[in-house]
Amino acid sequence: MYPSSEIYGGLGGIYDYGHLGTLLKHNFENLWRSYFLSLSENFYEIESSLIMPENVFKASGHLENFIDPIVKCSKCGHIERADHLVERTTKTRVAELTPGELTLEIKKHNLVCPLCKSAFEPVTVFNMMFPVQIGVGKQTRAFLRPETAQGPYVNFKTQYELQRKKLPLGLALIGRAYRNEISPRHFTLRQREFTQAELQIFFDPDTIAEHPRFEEIKNIKIRVLLLEDRKDDTVKERTAQELTKLLPKYYIYHLVKIQEFYLEHLKIPPEKFRLYQLSDKEKAFYNKYHFDVEVELNELGFTEVGGLHYRTDHDLAGHQKISGESMEIVHEEKKLTPHVLELSFGVDRNVYALIDNNYENDTQRGNIVLHLPPKLAPLPAAVFPLVKNKPELVEKTKEVYTALKKALPLTFYDDQGSVGRRYARIDEIGIPIAVTVDFDTLNDNAVTLRDRET
Ligand code: GAP
């Protein structure tokens, strides 16, 4: 991963992925897709446009509410994100503070412009969407979508009819989102163009208190950091059943499924995973219940990589109002506007977290090892001849390589340098298995399998 258009100096917060990075990203997306789409037989994947008309964002509330607080230097005009500026100094979360309160915090801590040391003007707000002008002459104003979610919402009525009018209906979408972040930072963690993987589940709001499979998960312990535990800043595991005092079962079921994805499929160590409850002031403007999915990163600590959002009928009701199209359906002889539970993930943040969590400078081996789970490894296996200057050995190795490629097309062949150097090279890019062909192979047709972990 590296800055995009680097030969022109790049653009802040915009990155490209090379071959291995792209493969890792796709492997994450494929794992995400197969796991979350298989949660129900009525979940599907769709694709929708990146450019959407202004009215979509009037309906969703993004025109009015998708704003960040900013401060401008009174002398040189330098702009900073106000909440980040305060957080850097006070080391506390200030997402709840209003622009007025942030102005007071900046005064209280005597924060000045980092460039020219002058005072800041009062905090104001800034809309993060990228406008797009479409056509020539009389132009239509549109926006690059700031989240993939609006695609499934504007497609809801059509998809509901195509998919035989059943609830719950899940519409998943993996694709780009665009935000004019004021201070993009931490590499691919806060970008201006990034990839999201989001699943929108449309359901009958009268059924939120239950989930047909709740019994199966009721005793599972969930790693939550609830508002009431904030003061201790420690995760207190609670069973799904215990959480029913606080949250509806339909919501809890999906907290469990998200945790299962991280612990069992992405293999994030449990102590590095938590579900962080947000307060009323911290929640996104469209949410009734909101937990962030967080993974602990080296140097940065717990970092948001996703979220479970109960968006109620906020979006469908908004689209009904602005478009004039009814979003009501008749479900089990009842007229209703479905509610939405959104499972939202940042693909780039998850890829970053996977690299961060699996990267080890192994002093015993004397090389870097990327301990990625095999399903995520960019390349699945490597094949080496013990030495490359023996034609019969190379020929046999190519035979093994060709056979293995039939099952694992991206198998990697290498005969450069010593075998030790080759092992080090594949450790570094996360290849889990190496197959070495040696002189015995010529006699017994057996190869040496090297498992990276053992
Ligand atoms: N549809 C809901 C939604 O967009 P969000 O919390 O704003 O919710 C979802 O974004 C996820 O997208 C975040 O949890 C994060 O992983 C990722 N994300 C958000 N902004 C990002 C950015 N500027 N750069 C990279 N990833 C970002």
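Predicted model: local features only at pLDDT ≥ 70, side-chain atom pairs only at ≥ 80, totals over all residues.
Guide: Residues are numbered from 1 along each chain as its sequence is written, and side-chain values use heavy atoms, with hydrogens and water left out.

Visitor: Why are residues 67-72 called a strand, and why is strand 5 said to pair with strand 7?

Guide: Strands are DSSP runs of E with at least two residues, helices are runs of H or I with at least four, and both are numbered from the N terminus. Two strands pair if DSSP finds at least two bridges between them. Strand 5 (residues 67-72) and strand 7 (residues 124-127) are joined by 4 bridges and run antiparallel, so they pair. Asp68 stands opposite Phe126 there.

Visitor: What makes strand 5 and strand 6 a pair?

Guide: Antiparallel strand 6 (residues 79-81) is joined to strand 5 by 3 bridges, and therefore the two pair. Val71 has Glu80 as its bridge partner. Their hairpin has 6 residues between the strands, and Gly77 takes a positive phi near 85 degrees.

Visitor: Why are strand 23 and strand 25 called edge strands?

Guide: The open sheet has 4 strands in the order 23-22-24-25, with mixed pairing. Strand 23 (412-413) and strand 25 (448-451) each pair on one side only. Strand 24 (residues 433-437) pairs with strand 25 in the antiparallel sense over 4 bridges.

Visitor: Which strands does helix 13 touch?

Guide: Helix 13 (residues 419-428) touches strand 22, strand 23, strand 24 and strand 25, where contact means heavy atoms within 4.5 Å.

Methods:
Axes fitted to C-alpha atoms, helices over the stretch in contact; angles between N-to-C directions.
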